[in-house]
Amino acid sequence: MSEDDVTVPVVCPACDTETEVALSQLETTIARHNDNRHDGEAIAEVDPAIKDHIAELVADDLELLG
Ligand SMILES: [Zn+2]
């Protein structure tokens, strides 16, 4: 399984949306959404239910998961 093929759900409670985003686009997509819709506030995020699992997948690339 390639990391490029993995998609993860990104949820935005403020917009009431859930979007499947490719892992390679994850940080860009979340940052863009929050910049465009929420003045840079970190509202959209990886679905908390799977955050721990994603953290394992992308242990080297965790800045946005904090
Ligand atoms: Zn939003």
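Modeller: Start with one term: two residues are in contact if their C-beta atoms, placed from the backbone, lie within 7 Å. The model is predicted, so local features are taken at pLDDT of at least 70 and side-chain atom pairs at pLDDT 80 or more, while totals for chains, interfaces and linings use all residues. Residues are numbered from 1 along each chain as its sequence is written.

Biologist: How many helices and strands are there in the chain?

Modeller: Both are DSSP runs, numbered from the N terminus: helices are H or I of at least four residues, strands are E of at least two. This chain has two helices and three strands, and along the sequence they follow the pattern β-β-α-β-α.

Biologist: What is the order of the strands in the sheet?

Modeller: Strands of a sheet pair through backbone hydrogen bonds, either parallel or antiparallel. Two strands count as paired if DSSP finds at least two bridges between them. Here the three strands form an open sheet in the order 2-1-3, with antiparallel pairing. Strand 2 and strand 3 are the edge strands, each pairing on one side only.

Biologist: How many bridges pair strand 1 with strand 2?

Modeller: Six bridges join strand 1 (residues 7-12) to strand 2 (residues 17-22) in the antiparallel sense. Thr 7, for instance, stands opposite Ala 22 in strand 2. Four residues lie between these strands in the hairpin, where Asp 16 takes a positive phi near 55°.

Biologist: And how many bridges join strand 1 to strand 3?

Modeller: Two bridges do so, and strand 3 covers residues 45-46. Val 10 has Val 46 as its bridge partner, and Val 11 stands opposite Glu 45.

Biologist: Which strands does helix 1 touch?

Modeller: For directions, axes are lines fitted to C-alpha atoms, for helices over the stretch in contact, and angles run from 0 to 180 degrees between N-to-C directions. Helix 1 (residues 26-38) packs on the sheet and touches strand 1, strand 2 and strand 3; its direction makes about 15° with that of strand 1.

Biologist: Which residues of helix 1 are buried?

Modeller: A residue is buried if 20 or more other C-beta atoms lie within 10 Å of its own, exposed if 12 or fewer, and partly exposed in between; the C-beta atoms are placed from the backbone. In helix 1, Leu 26, Ile 30 and His 33 are buried. The arc is that of the directions from the helix axis to the C-beta atoms. Seen down the axis of helix 1, its buried residues fall within an arc of 65°, so they line one face. Their cover includes strand 1, strand 2 and strand 3. Thr 28, Arg 32, Asp 35 and Asn 36, on the other side of helix 1, are exposed. Just after helix 1, Asp 39 takes a positive phi of about 50°.

Biologist: What share of the chain counts as buried?

Modeller: Of its 66 residues, 8% count as buried.

Biologist: Why does Ala 49 count as exposed?

Modeller: Ala 49 belongs to helix 2 (residues 48-57). Ala 49 counts as exposed because it has 9 C-beta neighbours inside 10 Å. The C-alpha atoms of Ala 49 and Pro 9 are separated by 9.6 Å, although these residues are 40 apart along the chain.
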